[in-house]
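Colleague: I would like to learn how to read a model like this one, feature by feature. Where do we begin?

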Amino acid sequence: MNTNISNNIKYIGVNDRDITLFEGQYPIKNGMAYNSYVIFDEKIAVTDTVDKIAVERWLEKLESELCGRKVDYLIVQHLEPDHSAGIDALSEKFPEMKIVCSAGALKMLPNFCDVSLDRVMTVKENDTLCLGKHTLTFVMAPMVHWPEVMMTYDSTDKVLFSADGFGKFGTVDADENWTDEARRYYINIVGKYGKQVQALLKKASALEIDTICPLHGPVLTDTIGEVLRLYDLWSSYTPEKKGVLIACASIHGNTLKAANELKEMLEAKGESVVLFDLTKGDISECVSLCFCYDRIVFMASSYDAGVFAPMSDLLHHLQSKSFQNRTVALCENASWAPSGIRTMKAELEKCGNITILDKTVSIKTRLSETSRLELQELADEISK
């Protein structure tokens, strides 16, 4: 990546190309970026540090850009360990450097580093910091997605340093679709806090933003309008696409076969359909897709007087991410004592504003002539 964000702002982040699992739970196909930036003026400010595995490389990049100058301010926007591991090292290197953070971050700071709190400057909403020609304005963003989070706006170059907001999985130069990995990142990490993100978007709408510098993923310029549009959809729990997701949890393959037939029935009616096999795919991808489409079919085997574990796990994740505003259909498979539909229905009723279709399908081990007709009736109902 080009290190120049503007004439006076440089990128000093580090790509981690070896990581395969982020936060111990999200599979990563194309690594991860730990972003950090340095603003050059009469005073020099660094925005956030990096993960512990990248501190040494990050310091080398910073020193190369500084050319012997000193850092005056470290702006701590988010204290999660993948962004705070370099605080102690930078503070030791520049003993006169001030640490700028929110009041919430001040309370949490001793949990993450050993710096003296005497060198900390706390800021609140709309406080400013003048570096010379650059004036920074601080935008509080609590629960996006930690309580201490703030963002920083540079009015000179019209840059928003956005903490974990507007980021994505993958290195800064990953050759992949931005939207899919940004959605998976947002829904799984920030998705629960839609109300707080909506409040942030209102603040952002009052700013003239030419560049967004997130703590993960690429720097955003030409696509800012589309990024803000998607964030508005995701954080208001509005479907991104008109179409049907079939989430299937099949034990021996019979439920999956039925799911494929339902997919064909729906496609014959002109629907855009995605079939996700929960026994093979990563659950974070399915969670992301559930927030993408306006209609979801949950198909699963009955199991232990409940529902097969991969489906139970998906429903638990959806509840925790405030899943809402969708139409869903239910289909179970049971050789005896069917329990899948009632279990899935009970779990979905804990979510907000979910319309559950009255028409359901209960398969007895294999699709029969009768259950296949019921599946067609379900397809008709979904497509109304």
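**Aromatic pairs**

Modeller: By the ring-centre rule, the count comes to 13 aromatic pairs. The rule pairs rings of Phe, Tyr and Trp (its six-membered ring) if their centres lie within 6.5 Å; planes under 30 degrees apart count as stacked, over 60 as edge-to-face and the rest as tilted. One case is Tyr237 with Phe291, a tilted pair with 6.2 Å centre to centre and 50° between the planes. This pair links distant parts of the chain, 54 residues apart: Tyr237 lies in the loop between helix H7 (224–235) and strand S16 (241–249), and Phe291 in helix H9 (residues 283–292). Helices (H or I, at least four residues) and strands (E, at least two) are DSSP runs, numbered from the N terminus.

Colleague: What should I know about the source before going on?

Modeller: This is a predicted model, in which local features need pLDDT of at least 70 and side-chain atom pairs count only at pLDDT 80 or more, while totals for chains, interfaces and linings use all residues. Residues are numbered from 1 along each chain as its sequence is written, and side-chain values use heavy atoms, with hydrogens and water left out.

Colleague: How is a ring pair described in general?

Modeller: A pair of aromatic rings is described by the distance of the centres and the angle of the planes. Rings can also chain together: Phe22, Tyr26, Phe169 and Tyr185 are linked into a cluster by ring pairs.

**Burial**

Colleague: Are Tyr237 and Phe291 buried or exposed?

Modeller: Buried means under 20% relative accessible area, exposed over 50%, partly exposed in between (1.4 Å probe, protein chains only). Tyr237 is buried at 7%. Phe291 is buried too, at 2%.

Colleague: Why is H9 largely enclosed by the rest of the structure?

Modeller: H9 is largely enclosed because 9 of its 10 residues are buried. Among them are Ile283, Val287, Leu289 and Phe291. For the protein chain, 56% of the 384 residues count as buried.

Colleague: Where is Glu271, and what does Glu271 touch?

Modeller: Glu271 sits in the loop between helix H8 (254–268) and strand S17 (273–277). Glu271 is buried, at 15% relative accessible area. Contact means heavy atoms within 4.5 Å. Leaving aside residues up to four places away in sequence, Glu271 touches Val244, Leu266, Arg295 and Ser383. Glu271 and Val244 are 27 residues apart in sequence, yet 7.1 Å apart in space, C-alpha to C-alpha.

Colleague: Which polar contacts does the side chain of Glu271 make?

Modeller: A polar contact is a pair of N or O atoms within 3.5 Å; within protein, one must be able to donate a hydrogen and the other to accept it, and residues adjacent in sequence count only if both atoms are side-chain atoms. The Glu271 side chain reaches that of Arg295 at 2.8 Å. It also contacts the side chain of Ser383, at 3.2 Å.

Colleague: And where is Glu240?

Modeller: Glu240 lies in the loop between H7 and S16. Glu240 is buried, at 16%. Its side chain makes a polar contact of 2.9 Å with the side chain of Trp234. Glu240 also touches Phe291 and Cys292, among others.

**Nonpolar cores**

Colleague: Which residues touch the most other members of the largest nonpolar core?

Modeller: A nonpolar core is a set of buried Ala, Val, Leu, Ile, Met, Phe, Trp, Tyr and Cys residues joined through side-chain atoms within 4.5 Å. The largest has 98 residues, and Phe298, Met311 and Leu314 touch the most other members. The contacts of Leu314 include Ile283, Cys286, Val287 and Cys290. A second, separate core of 22 residues includes Ile75, Val159, Cys213 and Val219.

**Sheets**

Colleague: What is the strand order in the sheet that holds S1?

Modeller: Two strands pair if DSSP finds at least two bridges between them. Here 6 strands form an open, mixed sheet in the order S1-S6-S7-S8-S9-S10. Strand S1 (9–11) and strand S10 (120–123) each have a single partner strand, so one side of each is left without a neighbour in the sheet. Inside the sheet, strand S8 (residues 73–75) and strand S9 (residues 98–102) run parallel, joined by 3 bridges. Ile75 has Val100 in S9 as its bridge partner.

Colleague: What about the sheet that begins with S11?

Modeller: That open sheet has 5 strands in the order S11-S12-S13-S14-S15, with mixed pairing. Its edge strands are S11 (128–130) and S15 (211–213). Strand S13 (residues 150–154) and strand S14 (residues 159–161) run antiparallel, joined by 3 bridges. Thr152 stands opposite Phe161 in S14.
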